[in-house]
Amino acid sequence: MRVSLLLFAICFSFSSFAQNNISVTKDKTNGFDEKLLREKMKNDGLPQPVIDKLIAQRKELFAKGKNVEWTKVKKNSVTNAACSDMGAENGWGTWLGDVGNANSGAPPTWTPPAALPATPNFSITTGSGFDANTPGPNAGDPTIPFVCPGFGNASIQLGETCVAGCVAEQLTYPLTITLADTNFLYAYAIVIEDAGHAPSDQPFVNFSLYDQSGNLVPQCANFTYTGGPSIPGFYSVSGTGCGWAGADQYKPWTIVGVNLTPYIGTTVTAVITNVDCAQCGHWAYSYWDFLCGSIPLSSCSGSQSTICGPIDPNISYTYQWYQNGNAMPPPTGTQQCISIVPNSGDSFLVEVQQPSGCNFHMSYVASGSPMQALFTYIANGNTITFTNLSNGASSYVWNFGDGNTSTAQNPVYTYSAIGTYTVCLVASTFGCSDTVCKVISLTPIAVNEYDLFSSVSIFPNPVSGNLFLDFGNINFGKAEVSFSDIIGQTLFETTIPASGKQALDVSGFLKGLYFLKLKTDSGSVTKKIVIAR
């Protein structure tokens, strides 16, 4: 099963922020090497028409005397803060955090000085998990992964989950804009409660981008969301277990692009503000990630996929798609989504334009191998241990066939009753997914099978030479022994005495994961064996 993923982008405006003074030092560059810049952008995978537009913008800035490089930028003792640090893959970098209080009918008050962000108000999220308040109650409602798909292996969480109070959090980041940063992308996801108060007392989340004079950067760089009974673009979910009768609302990961070409050589400051209810009973929290340049997103090699550019019902976007640097003709090449069957290494890029001039681009690169969902399992009575063997996946959804699900990579699940169940695994990465199902029949465990399972010891594990099977003080007669690989192929079979201490030479096996099955008249048991070298 292949699925398409839709990226949303939305732009609003917000105002009022005072920025510290910033000192800058210009270098002595009077121009730029057009040939070198063209070669660099070509190597980055940009289509020729996009390169021509960026070069034209650069020439226009140079003609206006704005084409300069900055060697030193200082704000709060931070020098040359880079876009590569904003996504928190390498820790907090040059982010600064403030904690304060929400105030009824007035802006938040902050406790100086700003410092390195720390838990519980600020967190870096990693792994393949999902926000506990998502998905919503309706079929097809999206989730919020802890890490924004396609933006790296970490994201930022601002605010605490299900913790009420008059708490306000704020993050700031001064970014020195280079040519590589002009295609500035940021992503966010929000969970917010409807407190039922006046707007001035409701929880809210705000993002603002300021130039180095303290002015708001226009064009899709500023917005605010305030709690209420219905927020456009949000999904409602009730009964979240956070102690409030009102409905919570959430916005899944949304990607926004900003063209920062006019700010080359200067510093802009990103400010994220997260404020709980001013009456101390309701909360908001949010997730964030950042990227400059193109965003590499995986699609499935050799299989049909649908990839989409961002959409906003309030903004008239236009699109131009490129395949391997060549413009795709209309109508396909000018639609929001395209259906493709890519080969390994194929690249796709969509140039997004809107009336405000907030133009940006997003790229998609086919992965080197097809997506494949695969798993094995070991049954012990009603309890099943699943081993996930999927290729090319970053997230997983298990359906155990009894109405229960899991997003763990290798779950251990206990059924409430003996029976036959169809277990399905959906393995996904950004742009595609694959599904595999297996029928599992559960039978009662005999008492003597428990005796075999608890009596036999198998060691060492991992093993490189002799593997020992110790049956302790019980004689189970004879045991049929088999070794199989992770796809279920039997590699070795023998019969040994099922008593005392027995040795099996496994030095001839390649390193990896295997399954050892012992079968006696008293029952059977299967255990995982890791062979190391």
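**Exercise 1. How many bridges join strand β10 to strand β14?**

First, some ground rules. This is a predicted model: local features need pLDDT of at least 70, side-chain atom pairs count only at pLDDT 80 or more, and totals for chains, interfaces and linings use all residues. Residues are numbered from 1 along each chain as its sequence is written, and side-chain values use heavy atoms, without hydrogens and water.

Step 1. Find the strands (DSSP runs of E, at least two residues, numbered from the N terminus). β10 covers residues 204-210 and β14 covers residues 267-275.
Step 2. Count. Seven bridges join the two strands, which run antiparallel.
Step 3. Take one case. Asn-206 has Thr-273 in β14 as its bridge partner.

**Exercise 2. Describe the largest nonpolar core.**

Step 1. Define it: buried Ala, Val, Leu, Ile, Met, Phe, Trp, Tyr and Cys residues joined through side-chain atoms within 4.5 Å. Buried means under 20% relative accessible area (1.4 Å probe, protein chains only).
Step 2. This core has 39 residues; Phe-184, Tyr-186 and Trp-288 have the most contacts inside it.
Step 3. β9 gives the largest share, five residues.
Step 4. Check Trp-288. Beyond its neighbours within four places in sequence, its contacts (heavy atoms within 4.5 Å) include Tyr-186, Phe-207 and Ile-272.

How values were computed
Pairing = 2+ DSSP bridges. Helix = DSSP H or I, 4+ residues; strand = E, 2+ residues; numbered from the N terminus. Buried < 20%, exposed > 50% of the residue type's maximum accessible area, 1.4 Å probe, protein only.
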